[in-house]
Amino acid sequence: MATSEFELIRRYFTHRARHTILGVGDDAALVKVRPGHDLVISADMLVAGRHFFRDAAPRQLGHKALAVNLSDMAAMGATPRWVTLALALPAADDRWNSWVKNFSRGFMALARRFDVDLIGGDTTRGPLNICVQIMGEAPHGTALRRDGARAGDDIWVSGTLGDAALALAALKRRIALKPAERAQCATRLHAPVPRVALGLALRGLANSAIDVSDGLLADLGHILECSGVAAEIELAAVPMSAVLKRYLNRVAACSALLAGGDDYELCFTAPRAARKKIERLERGTGVRVTRIGEVRSHGRGKPRLIVRAPDGTLLRVVRGGYDHFG
């Protein structure tokens, strides 16, 4: 039985808004940014068959669709406040009504966890697509950016890297993992935890930041490019899980660690003088932070980013990370 667009919205996506003057149900939402704050805005599109498998569990997908946007707020040091959601669905029959119901459960559970208001969006018939726009606040002039890295800065990352991409490699049968290992990595792929608290704590400490969505090498490369600097990182220092470490001699695992993407951890640079304060953030936020390298001056003709292997060999990075048009 078909369900109307308005009934889908009313049933699954109309909730009491805490930070909104006018939310779902009108032609547009009305929000009010707190005095002295900048509005921070980001959007992401997830396309079936490109960003997720067509048979992906809808509740997990609802979680991830919002999590990747919350991660953008974390990378900017912004407090997430409002979100819009647009869905293209192949049909509005009982099957897709059930899909939307479970998708909304994952999406709204994470919205409540981070106190974010769903304030509007759209639904239409079409190939399965999910588009989320998120808005947040940061005190004027305090938002973290990609263009602030300075020569001499330490390079840090949060959590561990590579498990999500390792899970994807296992799903595509590029590597064989034991069932428990596969389950552990799959959690990182399907249910990433956005590092919002860490991003907020880094305001005033970090010179630059980015979330690791397309792979460490690619995303750190964005910071270096925007800041006009270079960097050297230690391969042995890049934090990884015990599972990934067991397979590090495999190409798929090494690629997952450095260039796999879908980690949604934070990569940031900060002055050496801030080391002690940053190390203390681990206790305050419950998120592990690891120093992996140093920002250098960039000279003409020199590589933008090099990786030092455990044996001391310098590996020049030509290209790395996920490319949406690759």
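Salt bridges come first: a search of the whole structure finds 14 of them, each one a side-chain nitrogen of Lys or Arg within 4 Å of a carboxyl oxygen of Asp or Glu. You are looking at a predicted model, in which local features need pLDDT of at least 70 and side-chain atom pairs count only at pLDDT 80 or more, while totals for chains, interfaces and linings use all residues. Residues are numbered from 1 along each chain as its sequence is written, and side-chain values use heavy atoms, with hydrogens and water left out.

**First stop: Glu-137**

Select Arg-34 and Glu-137, whose side chains meet in a salt bridge of 2.9 Å, N to O. The two residues are 103 residues apart, with Arg-34 in the loop between strand S2 (30-31) and strand S3 (37-47) and Glu-137 in strand S6 (residues 129-139). Strands (E, at least two residues) and helices (H or I, at least four) are DSSP runs, numbered from the N terminus.

Is Glu-137 buried or exposed? Glu-137 is buried, at a relative accessible area of 2%; buried means under 20%, exposed over 50%, and partly exposed in between (1.4 Å probe, protein chains only). Arg-34, at 36%, is partly exposed.

Arg-81 counts as buried at 14% relative accessibility.

**Second stop: a network**

Next, select Glu-234 and Arg-308, where the closest N and O atoms of the salt bridge are 3.6 Å apart. Glu-234 is in strand S9 (residues 229-234) and Arg-308 in strand S12 (residues 305-308), 74 residues apart. Glu-234 is partly exposed at 32%, and Arg-308 is partly exposed at 26%.

**Third stop: aromatic rings**

Rings of Phe, Tyr and Trp (its six-membered ring) pair if their centres lie within 6.5 Å; planes under 30 degrees apart count as stacked, over 60 as edge-to-face and the rest as tilted. The count comes to four aromatic pairs. In one of them, Trp-99 and Phe-103 have ring centres 5.1 Å apart and planes at 15°, so the pair is stacked. Trp-99 and Phe-103 lie four residues apart in helix H3 (residues 94-113), about one helical turn. Phe-103 is buried, with a relative accessible area of 0%.

Finally, select Trp-96, Trp-99, Phe-103 and Phe-107 together: these residues form one aromatic cluster.
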